[in-house]
Amino acid sequence: MEYTEVKSKIWTKDFLLVNSITFLAMTAITTQMGTLPLYVTALGGSKAVAGSIVGILGISALFFRLPIGILLDRYGRRLLLTIGLGILFIDFALLNVLQTLLMLFCLRLIQGIGNSIQATSAATMAADLIPKEQLSVGLGYFSIAQAVPSAIGPLLGLAVVETYGFQALFRVALLLTSVAFGLSFFLSAESPRTLFFGEKAKPKGGAAEALSLIKNRGVMFPSLIMFLICFANSGVIAFIAQFAIEKNISGAGYYFTVMTVITVLIRFLFPRMMNRINQTFLICGSILSISAAFGILAYADDLVHLLLAATLYGIGFASLLPVMNTIVLQSISDQERGRAIAIFSAALDVAYGGGAMLWGIIASVFGFQVMYLFCGGFGLAALFVYLFFDGRKKQML
């Protein structure tokens, strides 16, 4: 496949395959979101043990993001993607056999590594396949494959566990991963070394070069903005159910369903939005929509307000993420994409991994209302970071 052919349109065979692989792999991972603590309890583990087993996935992914980004820029996307999916396939196969808390912890650690490899590889490959002039639009489409599993995965997992038990859950995850693993062999995209420079080119990809990317304003500021947004949202993900119980609101699970549906709808409308709305206005409006969602949550006392917050967050996040990702990719060279996406993704890992710990302390001391107002404050902080970044960028022009 010639590189010019890949760049001619968004919906190529490889782009469809990468979206399908991402959807299948992420669905397999998210089926465990609500069910794994129940499995730990069934094995005799405490809540603390359940928390550590659930959390180790994100921690292991965080530590492996940057090394994976370096390897992606050195050896190509397809090889790393297949390796990551292979690790997930083996991991889910072993989960059906090894049924102790210690082995569950170890396998979740390995699962985090495999998921980090496949997710970073797929995102980088998707960026390679999207025409530069349609990067924001293409990334918006790709993020649908990332967002939808977060809505259907937990529901599928709970349905399987309630009907067939935990071993059936792992078999379903194994089936999804095996299909994704098989599809990876049909990808025809070459490594970045071949794609961009020819067979003999050897792009740099060491740790020093990777760390230097963090100093790049086009990488640092979008990553910081998304860190602040996702750090705030981690309080919603971790405590929305407990908040709803405290407020006697039933149906809190619909918050994530509505948010995901809105996200998908916005992503399909995104091409028209990009053509008709100024980028600065779009970014500022998206951040304000997210901040307003947190403010509404702080004073929500019924399901209507909860779903209104979900709608506003879905609108804001669906618009913001692909634009921030695009700014990162437009700020670096093509052979630095793996490392840049790894840094951008690591910011989200840290936000979601560490955010819930802080919000748990704030909620226990001040209550959920104050906690969600603080979350809104983080959203406004993201707005000020963007305005500072945009002002500095205009001064340099």
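Q: Among contacts in the protein between residues at least 6 apart in sequence, what share joins residues at least 24 apart?
A: A contact means heavy atoms within 4.5 Å. Here, 85% of the contacts between residues at least 6 apart in sequence join residues at least 24 apart. Please note that this is a predicted model, in which local features need pLDDT of at least 70 and side-chain atom pairs count only at pLDDT 80 or more, while totals for chains, interfaces and linings use all residues. Residues are numbered from 1 along each chain as its sequence is written, and side-chain values use heavy atoms, with hydrogens and water left out.

Q: How many helices and strands are there in the protein?
A: Helices (H or I, at least four residues) and strands (E, at least two) are DSSP runs, numbered from the N terminus. The protein has 16 helices and 0 strands.

Q: How does one read the angle at which helix 2 and helix 6 pack?
A: Axes are lines fitted to C-alpha atoms, for helices over the stretch in contact, and angles run from 0 to 180 degrees between N-to-C directions. Helix 2 and helix 6 (residues 101-129) pack at about 155°, with their axes 10 Å apart. Helix 2 is therefore roughly antiparallel to helix 6, a term for angles over 145 degrees.

Q: Which residues of helix 2 and helix 6 meet?
A: Those of helix 2 include Phe15, Val18 and Ile29, and the residues they meet in helix 6 include Gln118, Met125 and Leu129.

Q: Is threonine 30 buried or exposed?
A: Buried means under 20% relative accessible area, exposed over 50%, and partly exposed in between (1.4 Å probe, protein chains only). Threonine 30 counts as buried because its relative accessibility is 7%. In the protein, 54% of the 397 residues count as buried.

Q: What surrounds threonine 30?
A: Threonine 30 lies in helix 2 (residues 13-30). Not counting residues up to four places away in sequence, threonine 30 touches Pro149, Ser150, Gly153 and Pro154. Its side chain also reaches the backbone oxygen of methionine 26 at 2.9 Å and that of threonine 27 at 3.2 Å.

Q: Is leucine 102 buried or exposed?
A: Leucine 102, which lies in helix 6, is exposed because its relative accessible area is 61%. The C-alpha atoms of leucine 102 and isoleucine 53 are separated by 9.3 Å, and these residues are 49 residues apart along the chain.

Terms used
A polar contact is a pair of N or O atoms within 3.5 Å; within protein, one must be able to donate a hydrogen and the other to accept it, and residues adjacent in sequence count only if both atoms are side-chain atoms. Angles under 35 degrees count as roughly parallel, over 145 as roughly antiparallel, 65 to 115 as roughly perpendicular and the rest as oblique.
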